Each structure stands twice: as C-alpha cells, then as structure tokens.
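Thanks for coming. I will take a few minutes to go through one structure, with the sequence and the model on the screen.

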Amino acid sequence: MNDNFLSYELTMDVYGDLAKRIKKAILPVGAQEAHGLHLPLNTDSIIAYHLAEAASKKTGALLIPLLPYGHVRGLKNFHGSISLSENTLKQIIVEISKSLQKDGIEKLYVINGNIPNIQSIDWASEELGPDFKIFNLTFPGIEDICEKTCVSKQWHKGMFHAEEIETSLILYLRPELVKMEKATPNYPQKPRDFGYRFIPWEEFNKLGIIGDPSVANAEKGKIIFEYLLAKIVEIINNT
C-alpha cells in the first residue's frame, strides 16, 4: 500500500511508477447544488471526497483530484447550483480516463456523491470499453444501511436529498458547515406526473429538501459513512 495516496502531490516519476504497479485509481465526483438552507452547496463533493480519501488509504489505489461539478437536474435553477450537461460530464470522465490509461492505470473507481451523475459515468464506461474499466460507486448499499439507521420517512423511494442521510453525513464529516436551526422537514406534494416527465423542483419544492433533516445526527452519519466505505473498499479490493 502506498504511503502517499494523493496522486497530485507526487512527482511525475513517483506517480508513474505507482500507476504502473497499482493500476487502480479513485476519482471522487460531486456537484455544486442547492441543499436547502442548512447544508452547503458542495455537500455531494464533501461526501464523495471523504469516502474516496478513506478508500484510497485502505486499498492503496491512487486518489486523483476531486471533480467538484456534476450534472444538476431538478435543482439546476436554484441559487448556487452549477450544472454540467450529461454529455460534458461524460466527456470529462472519458478524457480523465484516457490520461490515466497512458500511465498504466487500468481501472477507475468513480466514487459519486450526486445521483444525476450516474448516467454520465455509465456512458463513459460504455465508450471506453473493456480495456479500461470504470466502476460506478454511487452510495453502494445506502438503502440497506438507511433501513437499519434512519427513522424518517422517505419522500420517494430511491430518492434522498438534504434530508436525514446527507445531513447526518455532513454532521459527521464537516459539522461546522451545518445550520441545524434551519433543518426543516419538507414533504411537498408530488405532481401527478412526477416520475413520468422532467419537472424542475421549483415547481413543487421551494426548499430544495425532500424528507426530514431535523432528525439527523453525527452518530448516524458515522454509521452510514463507515458502511458505505466498507462496501467501496470491498469492491475495490475484489475487482
């Protein structure tokens, strides 16, 4: 396992030797996106980076710099959101992968903190083919650990944003950035055609929250983080 896992802090010769020997790299991908009035805009990036950093330490895979922008879908019109198109994000991941490939990296583990990035990651994997493998690690096992740990009701199955899960994670990772006095439960009425067409969130949700962040705490965040990390480490070590 390499002592310095931060690829960008290495000199080119040391990096080149490690890349050829290790053949695995980790790319954290987040987003800048509105997360209610209580969480920072870079919530997704904070979660992705801390998972990636910890996974790199445990597996020895090289950690490359965080990609802090992603594809923002429903919340793209909210203050502070910055969105890349799905094609742009896909192309960035493809070009990062090609640069890694030239140095001997064969597998890239994308630790993704923003659900709408999934399509772009999968498109990049499809374009590059079997000679360079991209693994899409987007909250692996989150439903299982949430079922055991969370107490709030999900607004919509398979969807979470700025509620108990993310608020607990940021309370654990960066508590100084959380304004819990503004953590308000929000269960907006779903439009009748929700899930059947794209609907900007501002049409039905002014707060940018779906669920209840008020029940979040750092202890839950630690449990969720460590569970996700264990899943990620298992995948990296066994592939």
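Predicted model: local features only at pLDDT ≥ 70, side-chain atom pairs only at ≥ 80, totals over all residues.

Residues are numbered from 1 along each chain as its sequence is written, and side-chain values use heavy atoms, with hydrogens and water left out.

Helices here are DSSP runs of H or I with at least four residues, strands are runs of E with at least two, and both are numbered from the N terminus. Buried means under 20% relative accessible area, exposed means over 50%, and partly exposed is in between, with a 1.4 Å probe and protein chains only.

Let me begin with helix 6. Of its 10 residues, 9 are buried, so helix 6 is largely enclosed by the rest of the structure. The buried ones are E164, I165, E166, T167, S168, L169, I170, L171 and L173. What covers them? The cover includes helix 2, residues 43-59, together with helix 5 and helix 7. Contact, here and later, means heavy atoms within 4.5 Å.

At the N-terminal end of helix 6 there is a cap: a side-chain oxygen of E163 lies 2.9 Å from the backbone nitrogen of I165. For polar contacts, the rule is a pair of N or O atoms within 3.5 Å; within protein, one must be able to donate a hydrogen and the other to accept it, and residues adjacent in sequence count only if both atoms are side-chain atoms.

Next, how do helix 6 and helix 7 cross? The axes of helix 6, residues 164-173, and helix 7, residues 218-237, come within 7 Å and cross at roughly 95 degrees. Axes are lines fitted to C-alpha atoms, for helices over the stretch in contact, and angles run from 0 to 180 degrees between N-to-C directions. The two helices are therefore roughly perpendicular to each other, a label for angles of 65 to 115 degrees. On the helix 6 side the contact includes I165, L169 and Y172, and on the helix 7 side it includes A218, I224 and F225.

Helix 5, residues 142-149, has I142, I145, C146 and T149 as its buried residues. Seen down the axis of helix 5, these fall within an arc of 100 degrees, so they line one face of the helix; the arc is that of the directions from the helix axis to the C-beta atoms. Their cover includes helix 6 and helix 7. On the face turned away from the buried side, helix 5 carries the exposed residues E147 and K148.

Between helix 5 and helix 6 there is a loop that holds A162. A162 is buried, at 0% relative accessible area, and its phi is near 60 degrees, a positive value in a residue other than glycine. Most residues other than glycine have a negative phi. K23, in the loop between helix 1 and strand 1, also has a positive phi, near 70 degrees. K23 is partly exposed, at 32%.

Is S7 buried or exposed? S7 counts as buried, at 8% relative accessibility. A polar atom of the S7 side chain lies 2.9 Å from the backbone oxygen of L63. Leaving aside neighbours within four places in sequence, S7 is in contact with Y15, L62, L63, I64 and P65.

Technical notes: Parallel < 35°, antiparallel > 145°, perpendicular 65-115°, else oblique.
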